[in-house]
Amino acid sequence: MLKQHGTHGLKNMKEQQLIEILEGVLGGATMTRDGDEALFHCPSCKHHKKKLSINLPTQKFQCWVCGFKGHKAYRILKKTNASPTHFSKLHDLNKSYNFKKVKTYVKENSLQLPQEFKPLYPTTNDNFHLLAIKYLTEVRGLTQLDCIKYNIGYCDSGLFKNMIIFPSYDSEGDLNYFVGRSFLADSYIKHRQPKGANKDIIGFEFYINWNLPIILCESPLDAISIKRNAIPLYGKKIHDTLMSKLMSSSIKQVYLALDADAMLNALEYAEKLIGFGKEVFILDFGDKDPNDTEFVDIINILHSSKQLTYSNIIKRKLSLVR
Ligand SMILES: [Zn+2]
């Protein structure tokens with residue numbers, strides 16, 4: 001038996017807030033009698049009945065028609081193309097309350113943002129905070145929405161003191177990596193990565209659509225500047241998890257947006273990907289960094305980039321070793 005609860009009858013604030021966030025993107029919910037499960041219209045198969053069931057204490061969900069399922073409400077928001085406001089509400093909710101992990105779902109060595117992490121929005125009058133925003137928006141051309149969407153923050157003390165923090169989330173919305181980046185002219189250390197963290201991850205996986213062309217670039221700032229389906233490598237190497245995802249997924253086109261000094265690596269990867277039937281393109285930024293390049297320029301560069309073949313890979317390799 002199901003009964004309609006509206007906004008009443010929930011056991012606690014945490015579950016009440018979760019329902020409200022989901023109702024914002026999926027429409028009204030129907031509660032089960034014990035109040036632990038809520039039923040919604042499924043954003044995946046769009047069945048006319050409420051077939052998406054979510055367990056409120058854990059956020060685990062499943063559609064009984066199409067099988068769309070997961071362990072985090074982030075996935076539902078992603079499926080509905082929810083606005084950054086919805087994401088930031090859910091992010092705050094997850095930060096304030098502990099949603100029990102499903103027993104079979106324990107991640108090893110779960111990575112945490114630095115204790116001193118503060119999000120860039122909402123803003124404060126802190127001087128470094130204002131400088132960080134000015135740098136990202138005025139110098140690098142990011143928008144406020146970019147900063148909210150990627151949960152960009154900063155630290156004013158600790159190991160990552162005076163650095164901007166770029167988190168990366170996996171497909172379930174769990175943190176899988178982050179880097180600190182200093183932008184101050186007198187800073188001694190420019191980049192800092194979390195000690196011992198596993199780099200064999202897919203950067204920004206949470207935002208990646210595996211049905212569209214993928215762009216691989218070096219840093220998270222490059223990826224955000226490119227503004228379309230870009231994965232940061234946190235270096236010049238394509239790690240195993242990403243390589244096997246690229247090879248096994250149905251994506252047809254891969255664009256490599258790496259610095260000129262990584263060209264030889266890039267050509268090796270290109271050869272491998274072509275071997276798996278992918279069309280590979282190299283973006284030619286000349287002497288510029290992707291994030292020194294205007295968005296309009298990036299579109300032009302994307303459109304003008306040439307598809308690599310085995311024979312022009314060989315030519316390029318020869319010209320590099322000469
Ligand atoms: Zn469904």
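**Notebook: cores, sheets and a loop**

I looked up the largest nonpolar core first, and I found 54 residues in it. Ile165, Leu216, Cys217, Val254, Leu256, Ala257 and Ala270 have the most contacts inside this core. I noted the term: a nonpolar core is a set of buried Ala, Val, Leu, Ile, Met, Phe, Trp, Tyr and Cys residues joined through C-beta atoms within 7 Å. A residue is buried if 20 or more other C-beta atoms lie within 10 Å of its own, exposed if 12 or fewer, and partly exposed in between, with C-beta atoms placed from the backbone. Domain 2 (114-197) and domain 3 (204-322) each give at least three residues to this core; the domain bounds come from an automatic or database domain assignment.

I am working on a predicted model, where local features need pLDDT of at least 70, side-chain atom pairs count only at pLDDT 80 or more, and totals for chains, interfaces and linings use all residues. Residues are numbered from 1 along each chain as its sequence is written.

I then asked which residues Leu256 is in contact with, leaving aside its neighbours within four places in sequence. They are Leu216, Ala266, Tyr269, Ala270, Val280, Ile282 and Leu283. Two residues are in contact if their C-beta atoms, placed from the backbone, lie within 7 Å. A second, separate core has 22 residues, including Leu18, Met31, Leu52 and Leu77. I wrote beside this that in soluble globular proteins, nonpolar side chains tend to be buried together.

**Whole chain**

I counted ten helices and 15 strands in the protein chain. Helices (H or I, at least four residues) and strands (E, at least two) are DSSP runs, numbered from the N terminus. Of the 322 residues in the chain, 32% are buried. Among contacts between residues at least 6 apart in sequence, 55% join residues at least 24 apart.

**The antiparallel sheet**

I traced an open sheet of five strands in the order β7-β8-β9-β10-β11, with antiparallel pairing. Two strands pair if DSSP finds at least two bridges between them. β7 (118-119) and β11 (191-192) are at the edges with a single partner strand each, so one side of each has no neighbour in the sheet.

How many residues of β9 are buried? Seven of its seven are, so I wrote β9 down as mostly covered. Met163, Ile165, Pro167 and Tyr169 point one way from β9, while Ile164, Phe166 and Ser168 point the other way.

β8 (residues 153-155) runs antiparallel to β9 and is joined to it by three bridges; Tyr154 has Ile164 as its bridge partner in β9. β9 (residues 163-169) and β10 (residues 175-181) pair over six bridges, also in the antiparallel sense. Ile165 has Gly180 in β10 as its bridge partner, and Phe166 stands opposite Val179 in β10. Five residues lie between β9 and β10 in this hairpin, and Gly173 in the turn has a positive phi of about 85°.

**The parallel sheet**

I found an open sheet of four strands with parallel pairing, in the order β13-β12-β14-β15. Its edge strands, β13 (230-232) and β15 (279-282), each pair on one side only. On average, neighbouring strands here are turned by 25° against each other, direction ignored. Axes are lines fitted to C-alpha atoms, for helices over the stretch in contact, and angles run from 0 to 180 degrees between N-to-C directions.

β12 (residues 214-217) and β14 (residues 253-257) run parallel and are joined by four bridges. Cys217 stands opposite Ala257 in β14. Helix α8 (residues 263-275) lies across β14 and β15, at about 160° to β15.

I checked α4 (residues 127-139): its 13 residues reach 17 Å from first C-alpha to last, close to the 18 Å expected at 1.5 Å a residue. The expected span is 1.5 Å times one less than the number of residues.

For α10 (residues 310-321), twelve residues should span 16 Å, and the end C-alpha atoms are 17 Å apart, which agrees. The number of buried residues in α10 is zero, so this helix lies largely in the open.

**Phe99**

I located Phe99 in the loop between α3 (84-96) and β7. Is Phe99 buried or partly exposed? Phe99 counts as partly exposed because it has 19 C-beta neighbours inside 10 Å. Leaving aside neighbours within four places in sequence, Phe99 is in contact with Pro57, Thr58, Gln59 and Asn94. Gln59 is 40 residues from Phe99 along the chain, and their C-alpha atoms are separated by 7.1 Å.
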